[in-house]
Amino acid sequence: LIDPSNGKVLVEKIIFDGPQDNLTFPYVFTADGDFFKFAVRQSGFARKMHVAMPGMFSLISANSYIKEIHETKDLDVIDFNDKLEPIYKFKPVITEGTFLGLTCNNHNDLFIDWYNNGKMDIVKYEAGKDKPSRKITSNVVVDKDILDNFADEDIDITASKKNSNIIYSALVFKNADKEIELGIEKLDFATGQKKYTNEILTKDHIKGIKKSYVTVNKKMDSPDLGPVKTLSVRALKEIDDHLIVALSSTSSSTGMSGGIWISEYNILINSYDTDLNLKFQQLVPTTYTVPERHLPLGFYHDKNKLYVISNDKTGMTTINGTYSVFDLTTGQCDKMVLLSKKGIGNAHAAASASVLWFKNSFVVSYLDLKGFSGKKYDITLQQNSY
């Protein structure tokens with residue numbers, strides 16, 4: 001814990017020290033500082049069998065270890081007080097199904113998503129309780145083979161900030177007609193009601209989206225959403241009376257000197273109202289190729305404006321941070337620019353999810369992406385005005 005007025009470290013301690021044999025995944029929830037909930041899931045992926053590369057989880061859907069990653073050996077949930085002292089611990093019920101994700105609402109209730117026999121079951125644990133209070137089975141039906149190449153970014157769940165009983169989920173999957181489908185669902189844990197909307201992402205549909213794109217910045221590339229079959233959910237956010245879903249497509253290739261390179265294509269942003277009616281659809285035409293990793297994507301909103309920070313590769317070696325502003329009422333793009341690289345290395349990428357937003361400015365952290373396997377970065381901070 002850090003004192004924001006002077007940067008002094010108030011408390012520093014190890015809060016969890018579990019078994020080290022298998023890869024573990026941490027989840028942190030704070031509700032803007034109202035509480036601190038920590039969950040950690042132990043997977044079936046043995047550490048000693050593999051070399052952990054920084055981009056491993058970006059590539060995990062392409063290899064045979066995905067089932068081990070989603071296997072759950074153990075699951076711990078711990079609530080802490082403002083001195084980082086544990087005040088409540090419990091182990092949620094681990095089903096025979098496959099773990100898909102978890103989230104927490106602003107009332108400290110926990111929701112866990114499991115895949116069971118073709119359906120997704122989301123269970124709710126009320127704050128301070130170790131037994132589920134309710135389970136809702138999603139209307140989405142997916143084939144068990146989806147888990148053969150299922151990655152964490154293929155599905156997202158988020159709790160509503162306005163209604164503690166509402167959960168939203170977003171999933172890209174191959175449906176029974178072998179089409180790529182984006183499914184958005186709203187689940188009400190007070191009433192058990194479910195609402196679903198979808199979008200069939202055929203090649204012709206994607207062509208139509210690209211054709212309708214209105215160029216905002218001629219310095220940026222023409223729209224390119226990449227391979228339709230690799231589209232996945234990059235973000236799911238409730239913003240006031242809007243539900244924002246962002247998608248992108250990725251591909252991988254082997255470099256001339258070895259190593260895996262990851263390409264990410266344009267960002268497709270869908271905005272729905274809270275009844276899941278599509279209000280607008282926009283593209284951010286950014287594309288990059290970097291070694292062994294996904295670059296982050298950042299969102300911020302204020303006064304009915306949606307701000308998006310992403311990365312775009314221009315030329316052979318230059319990666320530019322990009323800044324886009326959308327009007328949430330009209331769906332129009334007010335601004336789309338490449339951020340200045342003055343004082344920033346050409347190959348340094350914007351840590352888009354870690355932007356500091358202030359009243360009249362925002363600060364972007366840039367990462368020096370040296371090598372294929374380094375986990376430490378030199379960071380340069382850049383202040384920008386709106």
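Is aspartate 334 buried, partly exposed or exposed? At 43% relative accessibility, aspartate 334 counts as partly exposed; buried means under 20% relative accessible area, exposed over 50%, and partly exposed in between, with a 1.4 Å probe and protein chains only.

## Basis of the model

This is a predicted model, in which local features need pLDDT of at least 70 and side-chain atom pairs count only at pLDDT 80 or more, whereas totals for chains, interfaces and linings use all residues. Residues are numbered from 1 along each chain as its sequence is written, and side-chain values use heavy atoms, with hydrogens and water left out.

## Salt bridges

A salt bridge is defined as a side-chain nitrogen of Lys or Arg within 4 Å of a carboxyl oxygen of Asp or Glu. By this rule the count comes to 11 salt bridges. Aspartate 334 forms one of them with lysine 305, the closest N and O atoms being 2.6 Å apart. This pair links distant parts of the chain, with aspartate 334 in strand S22 and lysine 305 in strand S20, 29 residues apart. Strands (E, at least two residues) and helices (H or I, at least four) are DSSP runs numbered from the N terminus.

Lysine 305 also meets aspartate 327 in a salt bridge, at 3.1 Å from N to O. Aspartate 327 lies in strand S21 and lysine 305 in strand S20 (residues 305-314), so this pair ties together parts that are 22 residues apart in sequence. Aspartate 327 is buried, with a relative accessible area of 15%, while lysine 305 is partly exposed at 22%. Another salt bridge joins glutamate 71 and lysine 73, whose closest N and O atoms are 3.3 Å apart. Glutamate 71 is partly exposed, with a relative accessible area of 34%, and lysine 73 counts as partly exposed at 47%.

## Aromatic pairs

Rings of Phe, Tyr and Trp (its six-membered ring) pair if their centres lie within 6.5 Å; planes under 30 degrees apart count as stacked, over 60 as edge-to-face and the rest as tilted. A search of the whole structure finds 16 aromatic pairs. In one of them, the rings of phenylalanine 16 and phenylalanine 38 have centres 6.2 Å apart and planes at 50°, so the pair is tilted. Phenylalanine 16 lies in the segment before strand S1 (22-29) and phenylalanine 38 in strand S2 (residues 36-46), so parts that are 22 residues apart in sequence are tied together. Phenylalanine 16 is partly exposed, with a relative accessible area of 29%, whereas phenylalanine 38 counts as buried at 9% relative accessibility.

The rings of tyrosine 323 and phenylalanine 362 have their centres 4.8 Å apart and their planes at 25°, so that pair is stacked. Tyrosine 323 lies in strand S21 (residues 318-327) and phenylalanine 362 in strand S25, so the pair ties together parts that are 39 residues apart in sequence. Tyrosine 323 is buried, with a relative accessible area of 3%, and phenylalanine 362 counts as buried at 0%. Both residues belong to one aromatic cluster, formed by Tyr300, Tyr307, Tyr323, Trp357, Phe362 and Tyr386.

## Nonpolar cores

A nonpolar core is a set of buried Ala, Val, Leu, Ile, Met, Phe, Trp, Tyr and Cys residues joined through side-chain atoms within 4.5 Å. The largest has 40 residues, and those with the most contacts inside it are Ile269, Phe299 and Leu306. Leaving aside neighbours within four places in sequence, phenylalanine 299 is in contact (heavy atoms within 4.5 Å) with Ala235, Lys237, Ile244, Ala246, Ile269, Leu306, Tyr307, Val308 and Trp357. A second, separate core of 20 residues includes Phe45, Val77, Phe99 and Leu102.

## Individual residues

Histidine 348 lies in the loop between strand S22 (333-338) and strand S23 (349-350). Histidine 348 is buried, with a relative accessible area of 15%. Not counting residues up to four places away in sequence, histidine 348 touches Ile319, Lys341, Tyr366, Leu367, Asp368 and Thr380.

Threonine 98 is found in strand S5 (residues 98-104) and counts as buried at 17% relative accessibility. Threonine 98 and threonine 72 are 26 residues apart in sequence and 7.4 Å apart in space, C-alpha to C-alpha. Tyrosine 377, in the loop between strand S25 (361-367) and strand S26 (379-385), is partly exposed, with a relative accessible area of 33%.
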